[in-house]
Amino acid sequence: MITLTELRKLYNGVAALDIDALTIEEGQIVGLVGNNGAGKTTMMRLILDIIRADKGFAEIDGIRVDKDPVWKTFTGSYLDSTFLVEFYTPEEFFDFVAEAYGIPGNELSQRVRTYETLMNGEIMGKGKLIHDHSNGNRQKIGIIGAMLINPRLLILDEPFNYLDPSSQLVVAKLIREMNRDLGTTCLVSSHNLTSINDLCNRILLLEKGKLLMDKPHVPGSTDPELEAYFLDAVR
Amino acid sequence: MKSLARLQFRQMFRGKKGRDLVGPAILILYFWIIELIVFIEVREKLPPLAGVLIFMAFFIPDFILKIIMERDHSVMDAFLKTRPVSQSLWERFLTVSQFWYPANLALPVAIAPACFMFLAFPLNIVMFIVVYLGSVFGGFLVMLLKHRGTYQSEKSASTKAARTFKSTTGHAIFGLQSKSVLRSKRLRGAIIYLTVWMFIMFLSYAVQDRLAELWLFYFICLGSSVLAQYGLGVEAGYFSAIWTRPVSISRVLKDKFMLAAALSGGAALISIPVCIWTGIPVYLPLAYALFSTGIGCPIALVDAYNCTPLDLFGKTFFNYQGSKGTFKVSTVLGMTVVLGLAILLPLLLSDLLAAIILGGLGLIGFAFHRPFFDWVERRFLANKHKYMEKYLSK
């Protein structure tokens with residue numbers, strides 16, 4: 001589904017990402033891990049065509065993302081607050097997403113109900129702008145905005161940040177269900193190894209822009225090699 | 001009642017420092033200086049009743065500003081709710097406190113020097129009281145309109161109306177334009193400037209006939225050119241939300257054009273009563289609206305994506321730092337031609353001929369705005385990463 005070919009991004013002459021070749025198959029849940037500055041967000045931004053690659057290219061379904069925007073019609077993503085329209089209320093934001101994807105009103109209401117557990121009665125009907133919600137609620141609104149379109153490809157950067165433990169579990173469950181029911185390919189970055197271990201069936205480890213590790217994973221298990229890497233990094 | 005008033009004043013000034021009052025003080029001083037300069041010049045030229053009409057006309061922008069800017073202040077806060085304040089006492093207090101509520105004092109304070117200098121005694125006293133009571137009455141009406149119920153759980157009438165409009169028209173994407181203006185403290189501030197332009201136009205007419213038409217053009221053009229462009233600075237702050245979804249750049253620009261048309265059209269309509277009164281031909285504001293939307297707006301937007309994000313929720317009224325002056329040299333040159341045409345044509349030709357040419361150019365702009373914005377989109381896409389990396393580095 002996603003192919004990266006000789007993809008390189010430099011900031012001030014330093015490689016933020018340098019990947020020779022990577023393919024993510026349809027239906028996988030891929031966990032992206034690495035310490036700060038590893039290149040996780042840069043990789044996602046390149047896949048979403050937000051920044052220019054200095055070399056190489058990213059493809060979705062065999063089509064270069066920088067040449068044809070067709071990927072936007074089936075890709076849901078949430079990387080940071082710039083993916084929200086902060087002067088909208090959550091309802092208006094979901095309306096905006098629905099209108100962009102041509103989702104009818106009754107269908108939208110039905111889909112929003114799927115996320116009631118995650119919203120926990122704190123998001124809808126409050127009359128508050130997204131800007132005025134807590135960081136945790138904004139994170140939830142962004143994630144719901146990405147999932148609402150029932151995407152074929154879901155890209156989430158640090159989706160467990162700011163969330164309470166219950167909400168983290170709910171988000172992981174929602175991603176799993178979306179992958180199971182719709183066959184959605186998921187690319188999820190996180191510093192939370194437990195969540196990644198529980199959720200993903202493939203894990204990529206980045207360090208200073210280089211792909212250090214790429215291995216299949218059994219969801220729910222731990223990976224001693226991965227844990228050893230992070231332990232070594234602090235020694 | 002006294003305790004409530006004392007509490008209200010304490011809350012009003014809680015956490016405020018002297019420097020917070022500098023902005024409003026400068027604004028009022030600005031009003032006063034302009035008023036004094038103009039009225040010293042013209043007090044002999046205009047009949048006294050003209051002044052009465054001028055002051056009465058200010059009720060309209062005053063009321064509109066209150067509708068746009070005020071929040072519901074008719075609900076007791078948590079402190080009061082847990083104290084023995086009866087509902088009837090609270091309602092009495094709300095009614096009486098309209099007499100010293102700051103928003104209701106703004107208009108009488110602003111017009112006071114002109115009112116007392118321009119009108120003869122005792123008409124000036126009567127006029128001042130009428131303006132003051134009118135502003136208080138307007139404030140009271142706005143409070144009733146904004147009232148949301150005891151626990152603020154119900155939506156205000158205006159919010160309900162907006163939701164109904166949106167649900168029937170399905171314009172969530174167009175809402176990016178209109179709501180960013182209405183919900184941004186800075187952009188709403190720009191609406192205040194519009195009123196100031198209108199005010200200056202009123203007064204300057206008395207000094208020089210042509211000057212009045214110049215201010216009229218500024219007033220009508222400002223919405224379509226400047227607000228539309230600031231809107232792009234706002235969008236730069238959440239550009240990923242647009243970019244990663246199937247929303248085209250030309251769609252955003254076309255929506256912006258429609259907002260510009262609404263703003264300029266609205267400004268032209270508002271100015272018509274003034275034009276009738278002052279003798280400016282009524283077709284002139286309509287021609288200006290067509291011209292500033294059809295020609296001015298596209299020129300202002302042609303390179304507007306080359307901007308840095310504007311902090312939508314910045315609170316300081318006068319501080320536009322962060323937007324970093326989004327006009328480029330090419331835009332300034334284009335806008336100079338637009339302004340030049342609008343100023344020179346009525347001077348060189350008759351008003352009617354100037355209106356026909358400006359209106360005609362505006363209509364051509366309307367006819368070609370779609371292919372024009374498609375071209376702007378292609379230009380944007382050719383440099384998309386340069387722009388987007390600038391948005392990310394805010």
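Predicted model: local features only at pLDDT ≥ 70, side-chain atom pairs only at ≥ 80, totals over all residues.
Figure 1. Chain B has 18 helices and 0 strands. The chain counts 394 residues, and 35% of them are buried.

**Figure 2. Helix H14 of chain B runs from residue 249 to residue 278.** H14(B) holds 30 residues. From first C-alpha to last, the helix reaches 42 Å. That is close to the 44 Å expected at 1.5 Å a residue. Where does H14(B) bend? The bend is at B:Ile272 and comes to about 35°. A proline, B:Pro273, follows within four residues. Just after H14(B) sits B:Gly279, with a positive phi of about 90°. An α-helix has 3.6 residues a turn, so residues three or four places apart point the same way.

**Figure 3. Chain A touches chain B.** On the chain A side, 25 residues take part in the contact. On the chain B side, 27 residues do. Which helix gives the most to the side of chain A that touches chain B? Helix H2 of chain A, residues 90-101, does, with 7 residues. This side of chain A divides into 14 nonpolar, 5 polar and 6 charged residues.

**Figure 4. Chain A is assigned two domains, and they touch.** Domain 1 of chain A is made of 1-74 + 153-235. Domain 2 of chain A covers 80-150. Taken over C-alpha atoms, the centres of the two domains are 23 Å apart. Their contact takes 14 residues from domain 1 of chain A and 11 residues from domain 2 of chain A. On the domain 1 side, strand S7 (153-157) and helix H6 (165-182) of chain A each supply at least two residues. H6(A) gives the most to this side, with 6 residues. The domain 1 side divides into 10 nonpolar, 2 polar and 2 charged residues.

**Figure 5. Four strands of chain A form an open sheet.** The order is S2-S1-S4-S5 (chain A), and the pairing is antiparallel. Which strands lie at the edges? They are strand S2 (14-24) and strand S5 (63-64) of chain A, and each pairs on one side only. Strand S4 of chain A, residues 55-60, pairs with S5(A) over 2 bridges. Look for A:Glu59: its bridge partner in S5(A) is A:Arg64. As background, strands of a sheet pair through backbone hydrogen bonds, either parallel or antiparallel.

**Figure 6. Strands S9 and S10 of chain A make a hairpin.** S9(A) spans residues 202-207, and S10(A) spans residues 210-216. The two strands pair in the antiparallel sense over 6 bridges. A:Ile203 stands opposite A:Lys215 in S10(A). Between the strands of the hairpin there are 2 residues. In this hairpin, A:Lys208 takes a positive phi near 45°.

**Figure 7. A:Asp68 lies in a loop of chain A.** The loop runs between S5 and strand S6 (75-78) of chain A. Why does A:Asp68 count as partly exposed? A residue is buried with 20 or more C-beta neighbours within 10 Å and exposed with 12 or fewer. A:Asp68 has 13 inside 10 Å, so it counts as partly exposed. Now compare A:Asp68 with A:Leu108. In sequence, these two are 40 residues apart. In space, they are 27 Å apart, C-alpha to C-alpha.

Conventions: Residues numbered from 1 in each chain as written. Chains lettered and ligands numbered in written order. Contact = placed C-beta atoms within 7 Å. Nonpolar A, V, L, I, M, F, W, Y, C, P; charged D, E, K, R; others polar. Pairing = 2+ DSSP bridges. Domains from an automatic or database assignment. Expected span 1.5 Å × (residues − 1). Bend = angle between axes of the 7 residues up to and from the residue.
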